[in-house]
Amino acid sequence: TGSKESPRAYGSGLLAVAPGIVWVTVATSASAARVARIDPATGHLAATPMTVAAGPGALAAIGHTLWLVTESDALTRIDLVSCRATHCPPPAPPAPTIPHAQLRPIAFQSLQMFPAGVGWSFADLADAGPAPSPGFFPARTTDGGRTWIDVMPVLAKAITHPMPSALFALSPERAWLAVTSGAGAERTTVFATGNGGLTWAASSGFRTGGTPRFLDFADTSHGWLLVDIGGVMGADEVSLYRTTNGGTNWIYVTYLP
């Protein structure tokens, strides 16, 4: 790359894919960031990279729309439009200005978007509504990210010092959430919802010896859970678990030092 920084320095190296489009972030400094669009058929740039706000932190692509979260926790939507010759559709009107007194800061840790403006995120809405869950927790939007709703499972609050640590959405309605016990973060429960977080079903809970970091499902039955065990001298040890019944039961697969 020619850079002496790590690939993720200043938000560089994020990736989002939609049919026929690959998006990546390129950041050369703490104040300069761009989003590049790549044609997967040729592997070449499809257009001049676009300058965006500093510190990209998360990307999500759906169709011809890209969603971008920056270090200032601003959520930006970028839409590709088709132009004929020199004529292009007019840009979308700017969003209504919200009075400063009504601004409710939202901190995003992850982002997944789906059609019709539905999305999921780990977010901190400490100032965004009445009595939200403390810290980062699962949140859902149905209006393209303008408003977010706390969908933390009620049953999770019975866990000792619950710490939501991994979230994955397979569709606008179906998602899974891993919650660990804050007392040593050794016991994990995985919650599943099929109705957008209105109700959740819980696994029986199992010992992981660490904190879940990544959840991923290939379909409604088969999923994977990566657990961060921790380590020393810069090494990070992980364990891998899998489910074949939608998250009801989890099987230990392997340990990776």
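Predicted model: local features only at pLDDT ≥ 70, side-chain atom pairs only at ≥ 80, totals over all residues.
Colleague: Which strand does Asp216 lie in?

Modeller: Asp216 belongs to strand β19, which covers residues 211-217.

Colleague: Is Asp216 buried, partly exposed or exposed?

Modeller: Asp216 counts as partly exposed because its relative accessibility is 41%, and that class lies between the 20% and 50% limits.

Colleague: How far apart are Asp216 and Ala175 in space?

Modeller: Their C-alpha atoms are 9.8 Å apart, while 41 residues separate Asp216 and Ala175 in sequence.

Colleague: Turning to Thr188, where does that residue lie?

Modeller: Thr188 is in strand β16, residues 187-193. With 0% relative accessibility, Thr188 counts as buried.

Colleague: What does the side chain of Thr188 make a polar contact with?

Modeller: The partner is the side chain of Thr208, at 3.2 Å.

Colleague: Which residues is Thr188 in contact with, leaving aside neighbours within four places in sequence?

Modeller: Thr208 is one of them, and the others are Ala178, Val179, Thr180, Gly205, Phe206, Gly210 and Pro212.

Colleague: Now the whole protein: how many helices and strands are there?

Modeller: There are zero helices and 22 strands. Of contacts between residues at least 6 apart in sequence, 35% join residues at least 24 apart.

Note on methods
Residues numbered from 1 in each chain as written. Heavy atoms only, no water. Helix = DSSP H or I, 4+ residues; strand = E, 2+ residues; numbered from the N terminus. Buried < 20%, exposed > 50% of the residue type's maximum accessible area, 1.4 Å probe, protein only. Contact = heavy atoms within 4.5 Å. Polar contact = N/O pair within 3.5 Å; in protein donor to acceptor, adjacent residues only side chain to side chain.
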